[in-house]
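Student: I have a structure open here and would like to talk it through with you. Could we take it piece by piece?

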Amino acid sequence: METTSTLEKSLRFLALSLVVIFFMFPIFWIFLMSFQTNETILQIPPSIVFTPTLSNYAALITGKLTTSAGTLDIAFMRNLGNSVFLSVTSVALSLVLGVPAAYAFARHKFRGSEDIAFTLLSFRFAPPLLVLLPLTQYFQWLGLSDTYFGLIWVYQLICLPLILWIVRGYFEDISADVEYAYRIAGHSWFATFRKIALPLAGPGIAAAGLLAFIFAWNNFVFALVLASADKQPVTVGALAFVTSSGIQYGQIASAIVLSVTPTLALALYAQRYLVEGLSLGAVKG
Amino acid sequence: MHDKEKDLISAFLRGSVDRRGLLKGLGTMGITAATAGTLMNMMSTNAQAADFDWKKHSGKSLKLLLNKHPYADAMIANLQNFKDLTGIDVKYDVFPEDVYFDKVTAALSSGSTEYDAFMTGAYMTWTYGPAGWITDLKEWINDPEKTNPNYAWNDFLPGVKNSCAWNGIPGGALGSEDAKQWCIPWAFEQNNITYNREMFDKAGVQVPGNIDEMIATSAKLQKDIGGIYGIGVRGSRSWATIHPGFLSGYANFNQKDLNVSADGKLSAAMNTAESKAYHTKWVQMIQESGPKDWSTYTWYQVGTDLGAGASAMIFDADCLGYFMNGGDNKMAGKLSYAAFTANPEAKASTPNIWIWSLAMSNFSKDKDATWYFLQWASGPEHALFGATKMDFVDPVRQSIWKDEMFREKLNKKYPGYVEMFDASAAGASIKFTPQPLFFDVTTEWASTLQKMVAKEVPIDEGLDQLAQSIDRQLKEAGLG
């Protein structure tokens with residue numbers, strides 16, 4: 001049996017600690033900043049000792065931001081709500097459309113199936129700005145400009161190809177014999193899909209959904225171009241603290257903490273599915 | 001309201017009683033300043049309405065695209081007066097500055113009819129105007145049917161007003177006879193010195209009078225104060241590095257960005273002997289007394305460091321120094337202002353300016369109603385409200401700069417600001433040559449400055465290379 005010396009253990013612990021500190025320090029520092037005023041954040045030299053304040057969180061939650069130019073209205077909580085709504089509904093719609101499509105691409109070979117699947121994937125290749133300007137015009141003609149419905153539709157460019165391709169790989173990895181056995185027992189195609197394929201592909205679908213959610217949450221440019229200020233997600237809203245009359249570092253930090261929390265919590269909760277789903281679905285062999 | 005008070009305010013609005021007389025009179029009637037302000041707004045609205053058919057577009061609706069800025073805040077705070085005056089409903093979208101121009105460009109380039117008017121910088125209209133995205137406003141300004149008689153177009157500072165007008169010909173003079181008024185100046189920034197009084201007193205230095213003194217003063221401040229750097233200027237790879245202090249000092253030596261030949265061809269002008277000498281001094285100043293990571297410095301870092309006491313002075317926008325002198329900034333109340341004449345032989349400073357302006361979208365669904373908003377928002381009443389009650393600095397109207405209450409407000413909290421303005425306003429204008437490659441030229445210029453400061457290229461060689469590259473680009477674009 002292989003044994004590890006105390007020295008090796010210590011060095012390994014030290015190396016891991018350094019890596020953790022390196023990656024976690026910015027997050028830790030942002031967390032500390034979120035409880036400080038601009039004055040303490042900007043003091044020279046920076047100090048880890050300070051009197052904590054909840055004023056940054058209070059400003060975000062009440063929507064009133066006090067700056068050198070007076071009190072400003074901020075819509076951060078609305079932005080946060082928009083992000084949650086847009087991401088959740090977009091991913092839900094993508095799952096409804098993408099999972100059956102992925103199953104069809106995995107199980108049924110039909111003419112043009114690869115071309116269609118590749119076309120859907122190609123949505124991920126297009127630079128967003130290239131697509132967005134013509135889309136703005138189409139949206140105006142269709143009356144979808146500045147609507148949540150229009151935004152959720154456009155978010156399918158992010159979510160649908162991701163879900164479709166990850167879940168497709170996952171369906172392909174599941175042995176078709178299990179499904180055939182169920183069909184021979186007299187069950188319909190849809191019952192087989194619902195009772196056999198879906199439960200077996202569960203981790204893959206969860207992983208794809210999570211990834212799509214993270215991508216949708218981090219999106220910036222779609223809502224910026226296609227919607228008015230009241231429908232902007234948190235990625236745009238967080239920039240409101242960088243104003244001509246000064247940068248509100250404390251509020252930026254607390255905004256980061258608040259906006260990262262949902263995705264972080266979701267990722268921590270489901271990280272096992274995330275890794276398992278990705279490794280089984282996306283990598284064949 | 002009692003008749004006496006009404007009469008007094010009306011007399012003030014007619015100009016027969018001055019502001020002091022008005023306040024004194026209202027004081028004796030037992031009216032507080034806050035109530036007086038409300039009455040003034042009400043009476044002012046009535047006075048405006050008496051001279052012009054402000055209700056012509058009543059019932060209509062407009063939508064504005066605004067940048068998150070104190071100027072927009074001032075307008076929003078006063079917007080109800082416009083609605084009451086005209087009966088026009090106004091909606092607005094406010095976007096953070098970081099993404100604001102992306103939003104504007106996307107809206108205009110896609111021909112969106114969503115926004116009727118928007119905030120812009122004059123430089124941006126050099127792209128928007130020739131592209132047909134914005135409207136020449138002269139048609140409305142010169143039409144007495146559409147513009148109220150009290151608008152006083154000639155009240156605008158000439159250098160500022162002209163900087164927003166261009167004939168669309170690359171190299172064409174700003175404000176020429178055939179120029180189109182692409183936007184209306186709203187409020188502007190002159191680039192001068194804002195300095196930390198305490199640090200200057202501690203180091204025993206005076207406000208620098210020219211570029212050599214600025215180099216020496218910055219170095220002495222950095223050495224004597226300790227833990228700070230001498231002077232804050234911008235340094236990121238962007239047009240915004242060239243346009244503030246750097247170009248203001250450059251123009252003071254009568255140097256230009258581009259030459260315009262008799263046949264209208266453009267060529268680079270930044271590799272003259274005088275330009276090389278100025279660049280040498282500027283680079284030396286940053287190397288000796290600028291921030292360590294100067295090449296990342298934008299408006300935000302320059303201002304934040306001054307407000308936090310990390311720098312002793314800035315050569316940047318005066319209103320940046322204005323904002324840093326208030327709020328929760330550590331140095332609030334300790335900053336002063338001075339005009340800066342880089343050239344020892346020049347008689348006055350020649351600040352390049354940034355002008356936050358209002359433009360009308362060419363895709364607006366109702367241009368006449370939009371003009372009603374534009375003339376109100378850039379009119380004398382709103383300018384006075386913004387300047388005296390909000391942070392609408394620097395106002396673009398000469399009458400506001402003559403207003404005693406405004407001057408008093410500045411003198412009380414912003415020492416030297418009024419003198420700074422008076423000393424440099426006459427020479428304040430856009431010093432760039434208007435042309436479509438503006439952003440390419442200035443970005444490459446900033447990049448060259450970065451290389452010089454990093455000692456990657458000697459000044460002479462760097463400027464020669466820059467001039468060659470710009471000449472090539474101008475030729476390729478058919479401009480050179």
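Student: Leaving aside neighbours within four places in sequence, which residues is B:Phe373 in contact with?
Tutor: Beyond those sequence neighbours, B:Phe373 is in contact with B:Leu62, B:Phe82, B:Ile88, B:Val90 and B:Ala117, where two residues are in contact if their C-beta atoms, placed from the backbone, lie within 7 Å. Keep in mind that this is a predicted model, in which local features need pLDDT of at least 70 and side-chain atom pairs count only at pLDDT 80 or more, while totals for chains, interfaces and linings use all residues. Residues are numbered from 1 along each chain as its sequence is written, and chains are lettered from A and ligands numbered from 1 in the order in which they are written.

Student: Which residues have the most contacts inside the largest nonpolar core?
Tutor: They are A:Tyr155, A:Ile163, A:Val167, A:Ala212, A:Leu226 and B:Phe373, in a core of 202 residues. A nonpolar core here is a set of buried Ala, Val, Leu, Ile, Met, Phe, Trp, Tyr and Cys residues joined through C-beta atoms within 7 Å. A residue is buried if 20 or more other C-beta atoms lie within 10 Å of its own, exposed if 12 or fewer, and partly exposed in between, with C-beta atoms placed from the backbone.

Student: And which helix gives the most to this core?
Tutor: Helix α7 of chain A, residues 148-173, gives the most, with 16 residues. Helices (H or I, at least four residues) and strands (E, at least two) are DSSP runs, numbered from the N terminus.

Student: Back to chain B: where is B:Trp376 found, and is it buried or exposed?
Tutor: B:Trp376 is found in helix α16 of chain B, residues 367-377, and it counts as buried because it has 23 C-beta neighbours inside 10 Å. Leaving aside its neighbours within four places in sequence, B:Trp376 is in contact with B:Phe82, B:Leu85 and B:His382.

Student: B:His382 is in α17(B), so which residues of that helix are buried?
Tutor: The buried residues are B:Glu381, B:His382, B:Ala383, B:Leu384, B:Phe385, B:Gly386 and B:Ala387. With seven of its ten residues buried, helix α17 of chain B (residues 380-389) is largely enclosed by the rest of the structure.

Student: Which peptide bond is cis?
Tutor: The peptide bond from B:Val393 to B:Asp394 is cis, with omega near -5°, and B:Asp394 lies in the loop between α17 and α18 (398-402) of chain B. Most residues other than glycine have a negative phi, and most peptide bonds are trans.

Student: What about phi of B:Ala152 and of B:Lys455?
Tutor: Phi of B:Ala152 is positive, near 55°, and that residue is in the loop between α7 (138-141) and α8 (158-163) of chain B, where it counts as partly exposed, with 13 C-beta neighbours inside 10 Å. Phi of B:Lys455 is also positive, near 60°; B:Lys455 sits in the loop between α21 (438-453) and α22 (459-476) of chain B and, with 9 C-beta neighbours inside 10 Å, counts as exposed.

Student: Changing topic, how many residues of chain A are in contact with chain B?
Tutor: On the chain A side there are 30 residues, in contact with 33 residues of chain B. α6(A) gives the most to that side of chain A, with five residues. By class, the side has 14 nonpolar, 14 polar and two charged residues, where Ala, Val, Leu, Ile, Met, Phe, Trp, Tyr, Cys and Pro count as nonpolar, Asp, Glu, Lys and Arg as charged, and the others, Gly among them, as polar.

Student: What confidence does the predictor give the complex, and where is it lowest in chain A?
Tutor: The complex has an ipTM of 0.80 and a pTM of 0.85. Confidence in each residue is given by pLDDT, from 0 to 100; in chain A it is lowest in helix α14 (residues 271-281), at a mean of 63, and highest in helix α4 (residues 76-107), at 95. The mean pLDDT is 87 for chain A and 92 for chain B, but over residues 281-285 of chain A pLDDT stays under 50.

Note on methods:
pLDDT is the predictor's confidence in each residue, from 0 to 100.
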